[in-house]
Structure formats: structure tokens, C-alpha cells
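This report walks through a single protein chain.

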Amino acid sequence: MIIRCTTAICAVLLFAGISCADEREAVRAACKADVKANCGTVFSRDKAIACLVDNAAKLSSGCTAALKEASCNAKAPDNLKAAFSCNG
């Protein structure tokens, strides 16, 4: 399950267009438990993002903050930007 959760987080990060390794690791660390608790096994980027967006109110403050930071990326998908408005 840990490998699948990590894969889901990687998919979210790639889909969001995040290129910085430190930022990817920050989101992975911040959201790993949230993906596991709210999304179960997720194999596609679209479904991983949709799950996090659908469960935005349930996510930990750390995951929410990391996703808000990720939404600042110009390549982030619109649904991520809408659910997690950019902090910057």
C-alpha cells in the first residue's frame, strides 16, 4: 500500500507540473497519509487529483498547505488551482 500511495502522490506532482525535487518531496511527505486515508489505491493522475480535490475539507493542514503551494505552478491543473488557491 505504501508503494501505491507514493505512486499516487508522484502522479499528482507530475500532473501539477512541479519540477523541484524538494517541492515534490514536501508534497509527498505532507500528503502521503491523506492519500492513504481518503483515496485508497489510485493509479491515475486525474483520479489522484480528483480525490484530493473532493476531499479537500478532510485533508491535513500540512497537505493543504503543500497543495496550495503546488497550485502556484502555472502548469497546475485548473481543479487543483480552484480547490487550493495559491499562497503566493
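## A buried cysteine pair

Cys-39 is buried, and Cys-51 is buried as well. Buried stands for under 20% relative accessible area, exposed for over 50%, and partly exposed for the range in between (1.4 Å probe, protein chains only). A disulfide joins Cys-39 to Cys-51, with 2.0 Å from S to S. The term disulfide covers a pair of cysteine sulfur atoms within 2.5 Å. The pair links distant parts of the chain: Cys-39 sits in helix H2, Cys-51 in helix H3 (residues 45–54), 12 residues apart. The torsion about the S-S bond of Cys-39 and Cys-51 is about -100°, so this disulfide is left-handed.

Leaving out neighbours within four places in sequence, Cys-39 is in contact with Asp-34, Cys-51 and Leu-52. Contact is defined as heavy atoms within 4.5 Å.

## Basis of the model

This is a predicted model: local features need pLDDT of at least 70, side-chain atom pairs count only at pLDDT 80 or more, and totals for chains, interfaces and linings use all residues. Residues are numbered from 1 along each chain as its sequence is written, and side-chain values use heavy atoms, with hydrogens and water left out.

## Overall fold

The protein chain has five helices and zero strands. Its pattern along the sequence is α-α-α-α-α. Helices (H or I, at least four residues) and strands (E, at least two) are DSSP runs, numbered from the N terminus.

Of the 88 residues of the protein chain, 35% count as buried. Take the contacts between residues at least 6 apart in sequence: 59% of them join residues at least 24 apart. The accessible surface of the protein chain is about 4,800 Å², and carbon and sulfur atoms hold 53% of that. Accessible areas come from the Shrake-Rupley method with a 1.4 Å probe; for residues, only the protein chains shown count as cover.

## The other disulfides

How many disulfides does the structure hold? There are three. With the bonded cysteines of the protein chain numbered in sequence order, the pairing reads 1-4, 2-3, 5-6.

Cys-31 and Cys-63 form a disulfide, with sulfur atoms 2.1 Å apart. Their link is right-handed, with 100° about the S-S bond. Cys-31 lies in helix H2 (residues 21–39) and Cys-63 in helix H4 (residues 61–70), so the pair ties together parts that are 32 residues apart in sequence. Both Cys-31 and Cys-63 are buried.

A disulfide also joins Cys-72 to Cys-86, at 1.9 Å from S to S. The link of Cys-72 and Cys-86 is right-handed, with 100° about the S-S bond. Cys-72 lies in the loop between H4 and helix H5 (78–83) and Cys-86 in the segment after H5, so the pair ties together parts that are 14 residues apart in sequence. Cys-72 is partly exposed at 32% relative accessibility. Cys-86 is partly exposed too, with a relative accessible area of 37%.

Which residues of H4 are buried? They are Cys-63, Thr-64, Ala-66, Leu-67 and Ala-70. Seen down the axis of H4, its buried residues fall within an arc of 165°, so they line one face of the helix. The arc is that of the directions from the helix axis to the C-beta atoms. Thr-64 counts as buried at 17% relative accessibility. Beyond residues up to four places away in sequence, Thr-64 touches Ala-56, Leu-59 and Phe-84. Ala-65, also found in helix H4, is partly exposed at 38% relative accessibility.

The largest nonpolar core has 16 residues, of which Cys-39, Leu-52, Leu-59, Leu-67 and Leu-80 touch the most other members. H2, H3 and H4 each supply at least two residues of this core. A nonpolar core is a set of buried Ala, Val, Leu, Ile, Met, Phe, Trp, Tyr and Cys residues joined through side-chain atoms within 4.5 Å.

## Confidence

The mean pLDDT of the protein chain is 78, and 72% of its residues reach 70 or more. This score is the predictor's confidence in each residue, from 0 to 100. Confidence is lowest in helix H1 (residues 2–16), at a mean of 52, and highest in H4, at 92. Over residues 1–5 the pLDDT is below 50; this stretch has nine contacts in the model beyond near neighbours in sequence.
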